[in-house]
2 protein chains.
Amino acid sequence: MTDAPPPTFPSPGSTAEVEQGTVLSPKFDADGLVGAIVTDAASGEVLMFAWMNAEALRLSLDTGVAHFWSRSRQRIWRKGEESGNTLAIAEARVDCDQDAVWLKVTVAGAGVACHTGARSCFYRTIVSEAGAPARLARTAS
Amino acid sequence: MTDAPPPTFPSPGSTAEVEQGTVLSPKFDADGLVGAIVTDAASGEVLMFAWMNAEALRLSLDTGVAHFWSRSRQRIWRKGEESGNTLAIAEARVDCDQDAVWLKVTVAGAGVACHTGARSCFYRTIVSEAGAPARLARTAS
């Protein structure tokens, strides 16, 4: 990385501006993060959920490849930088209050998004029956 | 509400148990929350992103209707309790490290999930061009 100034976005304005405006002004939380939902651009399946700080969001938008902020490693993380399963962004959306983004992606490499080797991180369904502890069942996809 | 004990889930065990096990043991964050991604069970469209504490997750699983934790109002929130646009849960999934859930839902009432009146909270695409500030474009859906 260079010693360029940190990436910034305009601060959120009024509720009307945030919800109806045409300016991307993310509402970063106390840790400087917004949530990022990642879906498969072709199937629509939810692949993963991760976090972005301003730099990760800027890098993602500028390069078209998904970058996140790793809370455990406290650093920028280009998804797939080790596995090769990078995420090419087909479309990025932001929600009404601009504290979450939705990326529609195409997974490169082996085509799996989860570090466990599953295509999606959401590979288990919650099976709930009244009076019994919820259990998890592996899904087919 | 009654004075029943607060809902609990088993504490997360080893990484292998969390990632490969059949026990729902959510990894709540420092605020006691997990993220909840909501998609339309029919179209797959991402409708909204919200938060759940243990009680909201328990109520959602027990009733089949989505409940969240409102961070702004600091209370349990049955989505649609005022608008009528409640969310019937067709399927619930949890991700690899059990700090996010994915709900596939059918929206009741007017069929819109966003408080702005949009079907989805993600009604704007981020349009990014090198060297220019990102702007937002309203989507058709």
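Two strands are said to pair if DSSP finds at least two bridges between them. With that in hand, please keep in mind that this is a predicted model.

**Strands within chain A**

Let us begin with β5(A) and β6(A), which pair in the antiparallel sense over seven bridges. Along this pair, Ala88(A) stands opposite Thr106(A) in β6(A). The hairpin that β5(A) and β6(A) make has five residues between the strands, and Gln98(A) there takes a positive phi near 60 degrees.

| Strand pair | Sense | Bridges |
|---|---|---|
| β5(A) and β6(A) | antiparallel | seven bridges |

Which residue of β7(B) stands opposite Val94(A)? That residue is Arg124(B). Arg93(A) also has a bridge partner in β7(B), namely Thr125(B).

**The interface as a whole**

Now step back to the two chains. In chain A, 46 residues are in contact with 46 residues of chain B. Together the chains bury about 4000 Å², and 58% of this is on carbon and sulfur atoms. On the side of chain A, the residues that lose the most area to chain B are Phe122(A), Arg124(A) and Ile126(A), which together account for 17% of what that side buries.

Polar contacts join in as well: 30 residue pairs between chain A and chain B are in polar contact, counting those with both residues at pLDDT 80 or more. Several elements of chain A each supply at least two residues of the side that touches chain B, among them α1 (15–20), α2 (54–63), β5 (87–94) and β7 (124–127). The residues of that side divide into 21 nonpolar, 12 polar and 13 charged.

**Charged pairs**

Side chains of opposite charge can pair when their charged atoms come close. How many salt bridges are there between chain A and chain B? The count is two. Asp99(B) forms a salt bridge with Arg71(A), with 3.5 Å between the closest N and O atoms.

Over all chains, the structure holds 16 salt bridges. One within chain A is between Lys27(A) and Asp97(A), whose closest N and O atoms are 3.9 Å apart. Lys27(A) lies in the loop between α1 and β1 of chain A, and Asp97(A) in the loop between β5 and β6 of chain A, so this pair ties together parts that are 70 residues apart in sequence.

**How the copies are related**

Finally, chain A can be laid on chain B by a turn of 180 degrees and a shift of 0.0 Å along the axis, with an RMSD of 0.0 Å. That is the relation of a two-fold axis. Within chain A, Gly44(A) has the C-alpha nearest the axis, 2.9 Å from it. The same surface serves both copies, as 100% of the contact residues of chain A recur in chain B.

Note on methods. Residues are numbered from 1 along each chain as its sequence is written. Chains are lettered from A and ligands numbered from 1 in the order in which they are written. Side-chain values use heavy atoms; hydrogens and water are left out. Contact means heavy atoms within 4.5 Å. Buried area is the accessible area (1.4 Å probe) that two parts lose on being put together, summed over both. A salt bridge is a side-chain nitrogen of Lys or Arg within 4 Å of a carboxyl oxygen of Asp or Glu. A polar contact is a pair of N or O atoms within 3.5 Å; within protein, one must be able to donate a hydrogen and the other to accept it, and residues adjacent in sequence count only if both atoms are side-chain atoms. Helices (H or I, at least four residues) and strands (E, at least two) are DSSP runs, numbered from the N terminus. Ala, Val, Leu, Ile, Met, Phe, Trp, Tyr, Cys and Pro count as nonpolar, Asp, Glu, Lys and Arg as charged, and the others, Gly among them, as polar. Copies are superposed by least squares on the C-alpha atoms of residues with pLDDT of at least 70 in both.
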